[in-house]
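Subject: Handover of a protein structure

Dear colleague,

Please find below the structure that I am handing over to you.

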Amino acid sequence: MIIAVDGPSGSGKSSTARGVATRLGLRFLDTGATYRAVTWSAVEHGLDLDDTAAVAQRARDLRLEISTDPGHQFVIADGADVTTAIREPRISEVVSKIATNLDVRKELIRRQRAIIDNAQPSGGIVVEGRDIATVVATDAELKVLLTADQEARMARRGAEVSSLTAEQLRDQIIRRDADDSTVSEFQVASDGAVTIDSTYMTLEEVIDVISRLAKETVPQGQDR
């Protein structure tokens with residue numbers, strides 16, 4: 001099965017989706033990492049990120065390998081291990097320029113769908129991002145919109161990256177959401193999606209809820 005987890009920055013998508021995948025024995029795809037990898041590559045090549053054509057070509061040329069093992073995540077871009085580098089503030093500050101490039105999105109959605117298809121023989125995959133249920137995997141058996149209030153999201157992102165200043169936190173949460181919302185709808189649940197407000201929930205509680213929903217969704221005879 002395919003489980004789609006969408007939501008705004010800092011809502012806990014990655015930790016939740018990875019936890020659900022581990023719990024249910026599924027693969028896991030962090031689609032945001034694909035955009036970050038292209039961002040890293042474009043920066044390393046000294047490209048003008050406002051040159052949409054050049055950046056899109058870089059996305060098409062990029063040799064990208066991304067792990068779908070929830071217990072061992074890595075991202076390899078053009079032979080370099082960029083697992084840590086793509087999370088650096090310098091990448092986070094400009095990744096929206098890449099994520100709002102429509103030709104880059106077209107290329108990465110193609111790659112994301114290929115990864116999802118390849119995961120099906122192993123039982124399925126949990127995919128997290130901004131537009132999974134609405135664009136990337138509209139046929140997902142379970143669609144979740146994971147939300148949380150702004151204060152909770154900023155606190156969570158600050159706990160993940162303790163080196164961020166208050167201004168950088170606001171930039172990563174508020175400005176990035178505003179930018180990304182110009183090309184994808186992740187603030188309102190898509191048709192058939194379940195909305196989970198995690199503001200006052202622990203990570204384990206959210207994983208429990210989604211795992212239960214997944215087990216209820218699996219067709220009879222395919223129960224895990």
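Predicted model: local features only at pLDDT ≥ 70, side-chain atom pairs only at ≥ 80, totals over all residues.

Residues are numbered from 1 along each chain as its sequence is written, and side-chain values use heavy atoms, with hydrogens and water left out.

**The chain as a whole**

The protein chain holds 10 helices and eight strands. Both are DSSP runs numbered from the N terminus: helices are H or I with at least four residues, and strands are E with at least two. Of its 224 residues, 49% count as buried. Here buried means under 20% relative accessible area, exposed means over 50%, and partly exposed lies in between, with a 1.4 Å probe and protein chains only. Contact means heavy atoms within 4.5 Å. Among contacts between residues at least 6 apart in sequence, 77% join residues at least 24 apart.

Five strands form an open sheet in the order 2-6-1-7-8, with parallel pairing. Strand 2 (27-30) and strand 8 stand at the edges with a single partner strand each, so one side of each has no neighbour in the sheet. On average, neighbouring strands of this sheet are turned by 20° against each other, direction ignored. Two strands are said to pair if DSSP finds at least two bridges between them.

Strand 1 (residues 2-6) deserves attention. Its pairing with strand 6 (residues 125-129) is parallel and has five bridges, and Ala4 stands opposite Val127 there. Four bridges join strand 1 to strand 7 (residues 142-147), again in parallel, and in that strand Lys143 is opposite Ala4. Strand 7 in turn is joined to strand 8 by four bridges, and the two run parallel; Leu146 stands opposite Ile196 in strand 8.

Is strand 1 buried or exposed? Five of its five residues are buried, so the strand is largely enclosed by the rest of the structure. In a regular strand the side chains alternate between the two faces of the sheet.

Helix 1 (13-24) lies across strand 1, strand 2, strand 6 and strand 7, and runs at about 180° to strand 6. Helix 2 (residues 31-44) also packs on the sheet, where it touches strand 2 and strand 6, and its direction makes about 45° with that of strand 2. For these angles, axes are lines fitted to C-alpha atoms, for helices over the stretch in contact, and angles run from 0 to 180 degrees between N-to-C directions.

Helix 2 is mostly covered, with 11 of its 14 residues buried; among them are Tyr35, Arg36 and Trp40. At its start, a side-chain oxygen of Asp30 reaches to within 3.0 Å of the backbone nitrogen of Gly32. Just after the helix, Gly46 takes a positive phi of about 70°.

In helix 10 (residues 203-217), the buried residues are Val206, Ile207, Ile210, Ser211, Leu213 and Ala214. Seen down the helix axis, they fall within an arc of 160°, so they line one face of the helix; the arc is that of the directions from the axis to the C-beta atoms. What covers them includes strand 1, helix 1, strand 7 and strand 8 (194-197).

**Two loop residues**

Asn101 lies in the loop between helix 5 (95-99) and helix 6 (102-119). With a relative accessible area of 5%, Asn101 is buried. Its side chain reaches the backbone oxygen of Thr52 at 3.0 Å, and a polar atom of that side chain lies 3.1 Å from the backbone nitrogen of Asp103.

Gln73 is placed in the loop between strand 3 (64-66) and strand 4 (75-77). At 26% relative accessibility, Gln73 counts as partly exposed. A polar atom of its side chain lies 3.3 Å from the backbone oxygen of Ser67, and one lies 2.8 Å from the backbone oxygen of Asp69. Gln73 and Leu29 are 44 residues apart in sequence and 9.3 Å apart in space, C-alpha to C-alpha.

With kind regards

How values were computed
Expected span 1.5 Å × (residues − 1). Polar contact = N/O pair within 3.5 Å; in protein donor to acceptor, adjacent residues only side chain to side chain.
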